[in-house]
Number of protein chains: 2
Amino acid sequence: MSKPYTEICKSAKYKLTGNGDRRIELLIESFEHMDLSMDADMYGTGSIINDFEEELAQLLGKEKAVFFPSGTMTQQIALRIWSDEKESKKVAYHPLCHLEIHEKDGLKMLHHMESILLGREDRLFNIEDLISVAAPIACLLVELPQREIGGQLPAWDELVELAQFCKEKGIKLHLDGARLFEVLPYYNKSASDLCGLFDSVYVSFYKGLGGIAGAMLAGSAGFVEQSKVWKRRHGGDLISLYPYIINARYSMNKRMGNMKAYWQHALSVAEGLNKIEGIRTIPDVPVCNMFHAYFDASKETMENIFASIIEKYNLCLIGNIKAIDGLSCKSEFTFGDSFSLLPPGLLEDALNHLESEIKKRQV
Amino acid sequence: MSKPYTEICKSAKYKLTGNGDRRIELLIESFEHMDLSMDADMYGTGSIINDFEEELAQLLGKEKAVFFPSGTMTQQIALRIWSDEKESKKVAYHPLCHLEIHEKDGLKMLHHMESILLGREDRLFNIEDLISVAAPIACLLVELPQREIGGQLPAWDELVELAQFCKEKGIKLHLDGARLFEVLPYYNKSASDLCGLFDSVYVSFYKGLGGIAGAMLAGSAGFVEQSKVWKRRHGGDLISLYPYIINARYSMNKRMGNMKAYWQHALSVAEGLNKIEGIRTIPDVPVCNMFHAYFDASKETMENIFASIIEKYNLCLIGNIKAIDGLSCKSEFTFGDSFSLLPPGLLEDALNHLESEIKKRQV
């Protein structure tokens, strides 16, 4: 390849995954129907922030909600509040939880908390994993879907069982709902039905909703009040958050109802990929708009193949490919608006080309 | 008054202080000359964030700079880095430092650090206050100007003396430069001359610059690299910060050169107020674009008088008035763009009216 693969991807007219490029015009687009004479929010007050918080509290079936600049801040704070309430520094979550692998140990370095990793990296944890924890834990964090293993989900009954166990044992249950709206079609539940199992809930406005940034934390009035104090302590109580809030609300309204369609796109593409020898997806059958694909070829080989597809079809099947070792690589597929812009037949042609290119190299 | 005073203030066509109302159109205005097809910054990378960081590093005369969503986050992190480096949990600052009174004890609750309050609440601290501290401190924070006492400044020679003392004693020196550009005319120094006295520097893009939010932290390359890790831990490493960055850069370019004019407005208004019996300003002669005014009358009385001025002259002299006790109150005056929009003579008429209304009530 003459250019880096990411550059080649950017040049493609069509993209299989995502909600389109993150261009700064997204912000302007979300302000188009706003009354520009409106007052900015000021340190958590004002209709721009408070109306949206009320809307989300209602949607999630919680007493109150509070807007945060980031999910990282939101979740550390939620766990800290439960830790203080339960007088235990221990919280339990999946070994590949965002707090464990993407936050430079903020939970430990700032809040001096201890994480108990449930189950194994390559699967969802279950009630047995939780029961096997000897230490008293303040909180269990459940991430739906479990992103780092391709967006897997426990069955509804398993979730209910987890929630009942936590209630009996006095363990607070927190939902990492960064992709909350994405999983509702699978469970065929409303957001408030799902959140009803949890004491506190975090949702993100980028990921599937395609906003710029921002998060919401919801729970009881007392919990949310405490979280505002911690938000100030973390440096998240910005004088004005409206650039994110207006965009978040716009993005939510635009895409919240599309999650079933995004999921169906994931299903059809995973099916297509799994038919190709040398590719398999996890999960085999997606349960939301995402999955991970594993390739029995090096990152370099797959980038060359995907680059040839971009050259031939002007379609980028996937952007970010991670090497596992010299002989295999993987990638995360997340479906959004881009899929519906594909001309009929283009994807089929590209997948056929992908299969034949892989076959060529297997010979 | 039929309406709350803050409502009456909003209705005034002219405002003596500030940079105008914080309307959401400010964001859109700052995007007007941008190429909207530009890529968003992603987790601290991309030209939108990196170019601005380089510009500020150069302007402040430091190796590197990093953009943060808030000053609260910036300063806790700066102090934490120096604390770790110096292996001391103690930092010294003014009793009315932002970290001490506006951050819900984030420095103590998140970083377990201990503050040593230098000098007295009602004056600047000095070298003797610093020398009198027995404990070994990691860092001294100097806020220029000292906002909570009306924006006072030490003389340049005193600053140089403090810096030399810190250097000799191995104490890191951090600048709370939330209002850095505001103080340069008084010192008649460049930003890099002033920042050259300090190991680390924080600047804010709202305050005098009139942006929406956001801050920059500057220092050595190693210091800034560490601050990025803490930024992630605090939940400040947002996927995209461009809404604030683009506006910050726009606001800085728009107002950075106006600080001397803003200061002159502060000088003339303070002089006018000090001529009125029952009003005095701190400092007596402002050293930047701000001062505090003290009124020998209740908050209610002063609000009634200021409301009558709004009714008669369509001019709001000051918005936010704080009661000290039942017989006195105070307010913060900060000068920006609004002053230059006043029609000739209006301010003089309003100050005359203010004087006669106060006199009436003194009889």
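Gly150(A) is buried, its relative accessibility being 0%. In this predicted model, the residue lies in a loop of chain A that runs between strand S5 (139-143) and helix H8 (156-169). Although Gly150(A) and His292(A) are 142 residues apart along the chain, a distance of 4.6 Å separates their C-alpha atoms. His292(A) is also among the residues that Gly150(A) touches, together with Ile282(A), Pro283(A), Met290(A) and Phe291(A), when residues up to four places away in sequence are not counted.

Chain A comprises 15 helices and 13 strands. Its radius of gyration of 21 Å is close to the 21 Å given by the globule rule for 363 residues, so chain A is as compact as a globular protein of that length. Along the principal axes, the C-alpha atoms of chain A fill a box of roughly 60 × 55 × 35 Å. Buried residues make up 58% of the 363 in the chain. Among the contacts in chain A with a separation of 6 or more, 75% involve residues 24 or more positions apart.

Zero disulfides are present over all chains. A disulfide requires two cysteine sulfur atoms within 2.5 Å. For Cys195(A), the closest cysteine sulfur belongs to Cys139(A) and is 14 Å away, too far for a bond. In chain B, the sulfur of Cys9(B) is 3.5 Å from that of Cys316(B), its closest cysteine sulfur, which is likewise too far for a bond. Cys195(A) is buried at a relative accessible area of 0%, and Cys9(B) is buried at 6%.

Notes:
Residues numbered from 1 in each chain as written. Chains lettered and ligands numbered in written order. Predicted model: local features only at pLDDT ≥ 70, side-chain atom pairs only at ≥ 80, totals over all residues. Heavy atoms only, no water. Buried < 20%, exposed > 50% of the residue type's maximum accessible area, 1.4 Å probe, protein only. Helix = DSSP H or I, 4+ residues; strand = E, 2+ residues; numbered from the N terminus. Contact = heavy atoms within 4.5 Å. Rg over C-alpha atoms; globule rule 2.2 N^0.38 Å.
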